[in-house]
Amino acid sequence: MTPDADRDAYEARQAELLRALIRGDEFPGGFDAVKAAAAGRSLRRKRARAVAGAWPVLEIALGDGFGARFDAFARETPPPAFGFGTSDGLAFVRTLAAHELTDDVRVELLLARALVAGRAAVAMRARRGVFARAVALREPRRIVIVLRLPGIGRRGLVVPLARSR
């Protein structure tokens with residue numbers, strides 16, 4: 001074998017192992033399945049901790065189900081190349097049903113979108129340029145506006161709404 005062929009074979013084996021660690025199954029031959037499964041769980045828990053750190057309200061909103069739900073997501077979704085907990089959480093939130101998005105989670109979502117652009121976790125990148133979005137919240141009734149301006153950063157404004165009679 002040539003050095004290039006050796007390198008290609010090694011890279012293919014590494015990619016196969018990484019996919020197996022993410023999924024948590026079908027480990028390549030020559031690897032101790034028990035130890036590899038433990039390593040995969042550890043990597044997915046590390047991702048979950050990063051998401052919980054970047055999205056504390058999301059973790060609270062999902063309660064005891066956060067860990068298992070994120071683990072299932074992480075088995076199907078490779079880690080993001082950018083933004084780690086913020087990007088990973090953004091991709092995870094997009095898999096949730098609308099009724100699971102509490103007002104506070106919707107605010108976290110808006111704040112994350114001000115920092116991160118892109119839909120798929122692997123294609124996310126730092127947002128550039130101007131970002132301006134608003135979300136209407138239910139209790140108490142209010143509108144939250146988030147702006148991101150180059151050179152200034154991310155800013156928010158909360159506008160309370162009067163109750164209709």
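Guide: Two strands count as paired if DSSP finds at least two bridges between them. The model is a predicted one. With that criterion, an open sheet of 3 strands can be described, paired in the antiparallel sense and ordered E3-E4-E5.

Visitor: Which strands stand at the edges of this sheet?

Guide: An edge strand has a single partner strand, so one side of it is left without a neighbour in the sheet. On average, neighbouring strands here are turned by 15° against each other, direction ignored. The strands at the edges are E3 and E5 (153-160).

Visitor: Which helix packs on the sheet?

Guide: The helix in question touches E3, E4 and E5. Its direction makes about 175° with that of E3. The helix is H6, residues 103-115.

Visitor: How many residues lie between E3 and E4 in their hairpin?

Guide: Strand E3 covers residues 131-137 and strand E4 residues 142-149, and the two pair in the antiparallel sense over 7 bridges. Within this pairing, Val 135 stands opposite Val 144, and Leu 137 has Arg 142 as its bridge partner. The number of residues between the two strands of the hairpin is 4.

Visitor: What is the omega of the cis peptide bond that joins Glu 139 and Pro 140?

Guide: Most peptide bonds are trans. The bond between Glu 139 and Pro 140 is cis, and Pro 140 has its place in the loop between E3 and E4. Omega of this bond is about -15°.

Visitor: Which residue takes a positive phi in the hairpin of E4 and E5?

Guide: E4 and E5 pair in the antiparallel sense over 8 bridges, and Arg 148 stands opposite Arg 154 in E5. Their hairpin has 3 residues between the strands. The phi in question is near 85°, and it belongs to Gly 151.

Visitor: What is the value of phi at Phe 84?

Guide: Most residues other than glycine have a negative phi. Phe 84 is found in the loop between H4 and helix H5 (85-93). Its phi is positive although the residue is not glycine, with a value near 40°.

Visitor: Are H1 and H2 roughly parallel or roughly perpendicular to each other?

Guide: Two packed helices are described by the angle between their axes and the distance between the axes. Helix H1 (residues 3-23) and helix H2 (residues 33-54) pack with their axes 7 Å apart, at an angle of about 70°. Angles of 65 to 115 degrees count as roughly perpendicular. H1 and H2 are therefore roughly perpendicular.

Visitor: How many nonpolar residues does the contact of H1 with H2 have?

Guide: H1 passes H2 in a right-handed crossing. On the H1 side the residues are Leu 21, Ile 22 and Arg 23, and they meet Ala 36, Ala 39, Gly 40, Leu 43 and Arg 44 of H2. By class, the contact has 2 charged residues, 1 polar residue and, as to nonpolar residues, 5.

Visitor: How many charged residues are in the contact of H2 with H4?

Guide: H2 and helix H4 (residues 66-76) pack at about 115°, with their axes 10 Å apart, and H2 passes H4 in a right-handed crossing. Arg 44, Arg 47, Ala 48, Val 51 and Ala 52 of H2 meet Phe 66, Phe 70, Asp 71, Phe 73, Ala 74 and Arg 75 of H4. By class, this contact has 7 nonpolar residues and no polar ones, and its charged residues number 4.

Visitor: Is the aromatic pair of Phe 66 and Phe 70 stacked or edge-to-face?

Guide: The structure holds 5 aromatic pairs. In one of them, Phe 66 and Phe 70 lie 6.1 Å apart, centre to centre, with 20° between the planes. Both residues belong to helix H4, 4 residues apart, about one turn of the helix.

Visitor: How many polar residues does the contact of H2 with H5 have?

Guide: The axes of H2 and H5 come within 8 Å and cross at roughly 90°, and the two helices are therefore roughly perpendicular. Arg 47, Ala 50, Val 51 and Ala 54 of H2 make the contact with Gly 85, Thr 86, Asp 88 and Gly 89 of H5. By class, there are 3 nonpolar and 2 charged residues, and the number of polar residues is 3.

Key:
Residues are numbered from 1 along each chain as its sequence is written. This is a predicted model: local features need pLDDT of at least 70, side-chain atom pairs count only at pLDDT 80 or more; totals for chains, interfaces and linings use all residues. Side-chain values use heavy atoms; hydrogens and water are left out. Axes are lines fitted to C-alpha atoms, for helices over the stretch in contact, and angles run from 0 to 180 degrees between N-to-C directions. Angles under 35 degrees count as roughly parallel, over 145 as roughly antiparallel, 65 to 115 as roughly perpendicular and the rest as oblique. A crossing is left-handed if the near helix is turned anticlockwise from the far one by less than a right angle, and right-handed if clockwise. Contact means heavy atoms within 4.5 Å. Ala, Val, Leu, Ile, Met, Phe, Trp, Tyr, Cys and Pro count as nonpolar, Asp, Glu, Lys and Arg as charged, and the others, Gly among them, as polar. Rings of Phe, Tyr and Trp (its six-membered ring) pair if their centres lie within 6.5 Å; planes under 30 degrees apart count as stacked, over 60 as edge-to-face and the rest as tilted.
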